[in-house]
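Please brief me on this structure.

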Amino acid sequence: MKALVLCAGKGTRLRPFTYTIAKQLIPVANKPVLFYTLENIKKLDIEEVGVVVNPQNKGVFEETLKDGSEFGLRIEYVVQEEPKGLAHAVWMARDFLGEEDFLMYLGDNLILEDLKPFVKEFLEKEDIQASILLSPVKDPTRFGIAVMKNGKVIEVVEKPKVPPSNLAIVGVYLFRSIIFEGIKNIKPSWRGELEITDAIGYLIKKGYDVKGHIIFGWWKDTGKPEDLIEANRKILQDLRVNRVEGEVDDSSKIQGEVIIEKGAKVASSVVRGPVIVGRGSFIKNSYIGPYTSIGEDVIVENCEIENSIIMDKCSLSDVKYRLDSSILGKNVSIRGVKSKPSSMSLILGDLSSANLPE
């Protein structure tokens with residue numbers, strides 16, 4: 001079995017971050033989202049992985065993942081020239097996939113569920129032509145939805161206004177090569193894309209067995225800033241690790257589960273976990289509160305931060321108010337100034353967002 005990871009999306013809902021970084025490479029708990037996906041694939045004893053990229057982001061993925069050997073994988077890159085949908089991405093990978101069964105994984109999905117039972121059932125039951133990972137959700141209108149009967153999927157609908165069930169398609173699929181027949185026999189949707197739900201629907205109409213595998217554990221499509229913050233909270237919460245490899249002076253307090261990487265320094269500060277502080281970062285006269293990830297080479301002086309993601313090489317100093325539920329991209333600088341007249345000076349890029357206290 002091979003794996004296909006889809007990373008060609010432009011990440012428009014995560015702008016401005018995705019102007020400079022692919023959404024699958026945005027860090028959660030100081031590790032790119034995509035790394036969690038590749039680690040999950042490795043746990044399934046799959047070694048060959050195709051990563052579907054677009055012409056603009058191909059270079060950054062090659063630079064970051066290389067040949068996949070550091071993950072114990074063999075990675076091949078598949079270019080999807082135009083954003084024509086998930087089914088189109090699969091079609092572009094047909095030379096890589098050949099006739100083999102394959103796992104398809106959306107690269108911006110974070111799934112903390114054990115996928116081994118899902119894959120095991122598919123491999124053992126040869127009559128199943130496709131299997132979809134499903135999970136009950138509160139708002140089915142936001143997702144592709146599956147309707148099941150006697151363990152089989154009998155209908156799939158993309159973001160229905162009136163949902164026929166509450167079973168969302170999570171973003172992990174198992175296919176046999178018959179899926180290419182389905183893709184060949186569908187037409188673009190109203191948004192001009194070849195939908196994978198339509199290809200699955202074709203298989204159902206032709207009488208092929210499509211299985212639904214329901215999970216109840218935590219998962220998240222990290223497509224929006226609030227999703228990233230929630231994912232950061234969850235992964236930090238589950239770390240269950242207290243590791244201080246950097247320098248912490250005697251006037252600082254480390255509370256709860258905290259990781260301070262080598263080369264990081266904490267002086268006259270309170271760090272209350274779960275928190276991770278990356279290599280080379282310097283925290284001084286500050287409070288770093290729960291569910292915060294501080295990237296590498298970050299400087300924080302005279303600030304309070306909690307429930308936030310601070311990416312590499314940011315600089316924060318003398319900020320009057322506590323930073324909460326925030327995401328700062330790489331190389332962001334925020335500095336409080338004491339001057340008259342009192343004012344704020346902001347330099348924000350396209351689609352930035354700022355909430356200021358009254």
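In which crossing, left-handed or right-handed, does α1 pass α2? The crossing of α1 past α2 is right-handed. The model behind this briefing is predicted.

**Helix pair α1 and α2**

- Helix α1 covers residues 33–43, and helix α2 covers residues 58–65.
- The two helices, α1 and α2, pack at an angle of about 60°. Their axes are 12 Å apart.
- Angles under 35 degrees count as roughly parallel and 65 to 115 as roughly perpendicular. The pair α1 and α2 is therefore oblique.
- On the α1 side, the contact is made by L34, F35 and L38. On the α2 side, F61, T64 and L65 meet them.
- This contact of α1 with α2 has 5 nonpolar residues, 1 polar residue and no charged ones.

**Nonpolar cores**

- In soluble globular proteins, nonpolar side chains tend to be buried together.
- The largest nonpolar core here holds 56 residues. Touching the most other members are V49, F61, L65, L103 and I111.
- Helix α1 supplies the largest share of this core, with 6 residues.
- A second core is separate and has 37 residues. Its members include A87, F96, F102 and I183.
- L103 reaches several stretches of the chain. Leaving aside neighbours within four places in sequence, its contacts include M1, K2, A3 and L4. L103 also contacts I41, L44, I46 and F118. V172, Y173 and L174 are in contact with L103 too.

- V33 lies in helix α1. V33 counts as buried because its relative accessibility is 0%, and the cut-off for buried is under 20%.
- The C-alpha atoms of V33 and L110 are separated by 6.9 Å. Along the chain, V33 and L110 are 77 residues apart.
- H213 sits in strand β12, residues 209–214. With a relative accessible area of 18%, H213 is buried.

**Helix α7**

- How many of the 10 residues of helix α7 are buried? The number is 8, so α7 (residues 196–205) is largely enclosed by the rest of the structure.
- The buried residues in α7 are I196, T197, A199, I200, G201, Y202, L203 and I204.
- Just after α7 comes G207, with a positive phi of about 90°.

**An exposed loop residue: K320**

- K320 is placed in the loop between β27 (315–317) and β28 (323–324).
- Is K320 buried or exposed? K320 is exposed, with a relative accessible area of 72%.
- The C-alpha atoms of K320 and E124 are separated by 60 Å. Along the chain, K320 and E124 are 196 residues apart.

**The G273–P274 cis peptide bond**

- G273 and P274 are joined by a cis peptide bond, with omega about 5°.
- P274 is in the loop between β19 (270–272) and β20 (275–277). G273 lies in the loop between β19 and β20.
- G273 is buried, at a relative accessible area of 15%.
- Leaving aside neighbours within four places in sequence, G273 is in contact with Q255, G256, E257, V258 and P290.
- The C-alpha atoms of G273 and I259 are separated by 8.5 Å. These two residues, G273 and I259, are 14 residues apart along the chain.

- K66 is not a glycine, yet its phi is positive at about 55°. K66 is found in the loop between α2 and β5 (74–79).
- K313 is a residue other than glycine with a positive phi, near 65°. The loop between β26 (309–310) and β27 holds K313.

Key
Residues are numbered from 1 along each chain as its sequence is written. This is a predicted model: local features need pLDDT of at least 70, side-chain atom pairs count only at pLDDT 80 or more; totals for chains, interfaces and linings use all residues. Side-chain values use heavy atoms; hydrogens and water are left out. A nonpolar core is a set of buried Ala, Val, Leu, Ile, Met, Phe, Trp, Tyr and Cys residues joined through side-chain atoms within 4.5 Å. Buried means under 20% relative accessible area, exposed over 50%, partly exposed in between (1.4 Å probe, protein chains only). Helices (H or I, at least four residues) and strands (E, at least two) are DSSP runs, numbered from the N terminus. Contact means heavy atoms within 4.5 Å. Axes are lines fitted to C-alpha atoms, for helices over the stretch in contact, and angles run from 0 to 180 degrees between N-to-C directions. Angles under 35 degrees count as roughly parallel, over 145 as roughly antiparallel, 65 to 115 as roughly perpendicular and the rest as oblique. A crossing is left-handed if the near helix is turned anticlockwise from the far one by less than a right angle, and right-handed if clockwise. Ala, Val, Leu, Ile, Met, Phe, Trp, Tyr, Cys and Pro count as nonpolar, Asp, Glu, Lys and Arg as charged, and the others, Gly among them, as polar.
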